[in-house]
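Try each one before reading its solution.

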Amino acid sequence: MEKKEFAFSYEVYPSAHDLPAEESALLHQARSATALSYAPYSRFRVGAAARLRNGEVLTGSNQENASFPAGLCAERVLLAAAASRYPGVAVELMAISYRNENGASQWPISPCGICRQALQENEQRDGIPIRLVLGGLEGPVYVIEAASHLLPLAFTSRELI
Ligand code: THU
C-alpha cells in the first residue's frame, strides 16, 4: 500500500486593492457582471469575467430557469460564450464574484462541482491552466493558479478513449 497526498497552495489578498492591476480590474468586471444575472429563484447573483489569450475580456452571469436544473452557472455561461465567440483561443484568467439577495458579499465563493468539471475540461482543451480570482464585492480575495487544483482525481476524456 502506498499513501498519496494532494495539496495546493493559493494566495490570499486582504482586498481587491491589494491584487496586481490586471487581476483587480478583472474582479471588478466580474462584480459588475452580477448585475446581468437572471436569478429570480435563488436571488443569488454570480458574475464572472475572463481574459483570453488574445487579450479579449468576456463576462458571464448565472441564468436560472423555472425548471431549476436547466439553470446555468456564471462560469459555464462564460466558458461557452468564450468558446463560441473566440473558438480555439485559450482562457487564461477568470474572476468570479457574487452578491446575495441583500446585494452584498464579503468573502469569496469558489466554483460548484459541475463548473469545476467544466473548467478542468477547458484547461485540458486549451492546454493551459486557468488562473482563478475569487472575491466578493468586499473582503479577501483568493487567487488559485489552476482551476483544476479544485478537482483532484478528475474524470477526464482520457478515461473515455
Ligand atoms: N452559481 C453560479 O453561478 N456559480 C457558482 O459557482 C455557484 C452557484 C449560481 C447557480 C444558481 O443560479 C445560484 O448561483 C444559486 O446556486
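**Exercise 1.** Work out what share of the residues in the protein chain is buried.

Solution. Keep in mind that this is a predicted model. Of the 161 residues in the protein chain, 41% are buried. As for the surface, the protein chain exposes about 9,000 Å², with 53% of that coming from carbon and sulfur atoms.

**Exercise 2.** List the elements of the protein chain in order, then judge how compact the chain is.

Solution. Start with the tally: 3 helices and 6 strands. Reading from the N terminus, you get β-α-β-β-α-β-α-β-β. Finally, look at the contacts with a separation of 6 or more: 66% of them join residues 24 or more positions apart.

**Exercise 3.** Check the span of helix α1, and find what covers its buried residues.

Solution. Helix α1 covers residues 21-33, which is 13 residues. At 1.5 Å a residue it should span 18 Å, and its end C-alpha atoms are 18 Å apart, so the numbers agree. Now for the buried side: Glu23, Ser24, Leu26, Leu27, Ala30, Arg31 and Ala33. The spacing is worth a thought, because residues three or four places apart in an α-helix point the same way. The cover over the buried residues of α1 includes β2 (45-52), β3 (57-61), β4 (91-99), β5 (131-135) and β6 (141-144).

Methods. Residues numbered from 1 in each chain as written. Predicted model: local features only at pLDDT ≥ 70, side-chain atom pairs only at ≥ 80, totals over all residues. Heavy atoms only, no water. Helix = DSSP H or I, 4+ residues; strand = E, 2+ residues; numbered from the N terminus. Buried < 20%, exposed > 50% of the residue type's maximum accessible area, 1.4 Å probe, protein only. Contact = heavy atoms within 4.5 Å. Areas by Shrake-Rupley, 256 points an atom, 1.4 Å probe, with all protein chains shown as cover. Expected span 1.5 Å × (residues − 1).
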